[in-house]
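User: I have the sequence and the fold open on my screen. Could we go through them together, one question at a time?

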Amino acid sequence: MELLNITASPRGDRSRTLNVSTEFLNTLKGKYPGLIVRDLDLFKENLPEVLGGSVDAKYAFMSGGVPEEDSMKSWNEIARYSKEFLAADIYLISSPMWNFTIPYKLKQYIDIIMQAGILFSFTVNGVEGLAKNKKMICVTSRGNDYSNGSGMNEFDLQEPYLRTVFGFTGITDISFINAQPMDFTPDITSASLEKAKAEARTLALALELA
Ligand SMILES: Cc1cc2nc3c(=O)[nH]c(=O)nc-3n(C[C@H](O)[C@H](O)[C@H](O)COP(=O)(O)O)c2cc1C
């Protein structure tokens with residue numbers, strides 16, 4: 001069983017998001033010592049750009065054609081990330097909220113991996129996700145509070161976006177732990193962090209991996 005540990009915060013040890021997701025991961029590893037964890041730190045990874053050859057190849061495939069040799073080189077680089085994503089059984093995404101949604105590096109990664117023929121396919125009945133029966137846990141942290149009843153819920157474009165884009169690939173078993181608010185006062189930050197870490201432990205202990 002392999003967990004792909006996707007990090008989208010550039011703040012390392014100072015990251016509140018990682019503080020919570022590390023609690024989740026350590027608890028899960030305690031429960032499943034044989035769990036294989038593959039780390040992907042998006043702010044350290046030299047992610048390929050989505051342009052030129054890789055985009056040409058994408059359209060060539062979509063129209064049933066064969067890409068040119070040069071396009072194939074950039075396509076293979078992009079497709080590698082998509083296939084590596086598909087190979088995992090469970091996903092942990094750690095992402096702060098940036099401008100009501102996700103940091104650009106996570107968006108770039110999603111633009112790389114979302115490839116027809118790998119993560120989803122077009123069929124006569126519409127789109128079919130190819131990453132079915134997998135679990136995803138998203139740990140986020142936000143400066144403000146976007147929970148139900150906060151009056152800010154409709155500004156949260158992060159959780160709905162992640163649910164939609166990964167739902168498109170067939171991943172519908174998605175749990176969120178949102179640490180919030182993080183940027184009001186130091187006392188509120190530490191209380192919200194402790195609450196999120198308790199949620200992270202509870203979720204990890206409840207998770208049943210096949
Ligand atoms: C570029 C940037 C944009 C941000 N945008 C938002 C935002 O739209 N809404 C919000 O509530 N907090 C926003 N924040 C605050 C962070 O979400 C918050 O401080 C979070 O806890 C940071 O997580 P980290 O410690 O893992 O980096 C933003 C922070 C940065 C650096």
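**Sides, partners and core**

User: Which residues are exposed on the other side of H2?

Analyst: One note before we start: this is a predicted model, where local features need pLDDT of at least 70, side-chain atom pairs count only at pLDDT 80 or more, and totals for chains, interfaces and linings use all residues. Residues are numbered from 1 along each chain as its sequence is written. A residue is called exposed if 12 or fewer other C-beta atoms, placed from the backbone, lie within 10 Å of its own, buried if 20 or more do, and partly exposed in between. By that test, the exposed residues on the other side of H2 are Gly 52 and Tyr 59.

User: And which residues of H2 are buried?

Analyst: H2 covers residues 52-62; helices here are DSSP runs (H or I, at least four residues), strands are runs of E with at least two, and both are numbered from the N terminus. Its buried residues are Ser 54, Ala 57 and Lys 58. They share one side of H2 because they cover an arc of only 105 degrees around the axis (taken from the directions from the helix axis to the C-beta atoms). H3 is among the elements that cover these residues, and the buried ones, to name them again, are Ser 54, Ala 57 and Lys 58.

User: Which strands do the buried residues of H5 pack against?

Analyst: Helix H5 (residues 158-168) has Gln 158, Leu 162 and Phe 166 as its buried residues. These fall within an arc of 40 degrees seen down the axis, so they line one face of the helix. Pro 160 and Thr 164 are exposed on the other side of H5. The packing partners of the buried residues are strands E3 (90-96), E6 (135-141) and E7 (173-179).

User: Which residue of E2 is the bridge partner of Leu 3?

Analyst: Strand E1 (residues 2-7) and strand E2 (residues 36-41) pair in the parallel sense over six bridges, where pairing needs at least two bridges found by DSSP. Together with helix H1 (residues 16-31), they make a right-handed β-α-β unit; right-handed means that, with the strands pointing away from the viewer, the path from the first strand over the helix to the second runs clockwise. The partner of Leu 3 in E2 is Val 37.

User: Which residues touch the most other members of the largest nonpolar core?

Analyst: A nonpolar core is a set of buried Ala, Val, Leu, Ile, Met, Phe, Trp, Tyr and Cys residues joined through C-beta atoms within 7 Å. The largest one has 39 residues. Leu 92, for example, has contacts that include Leu 3, Ile 6, Phe 24 and Ile 137. Those touching the most other members are Phe 24, Tyr 91, Leu 92 and Ile 93.

User: How many helices and strands does the chain have?

Analyst: Along the sequence, the pattern reads β-α-β-α-α-β-α-β-β-β-α-β-α. Counted up, that comes to six helices and seven strands.

How values were computed: Two residues are in contact if their C-beta atoms, placed from the backbone, lie within 7 Å. Lists of a residue's contacts leave out its neighbours within four places in sequence.
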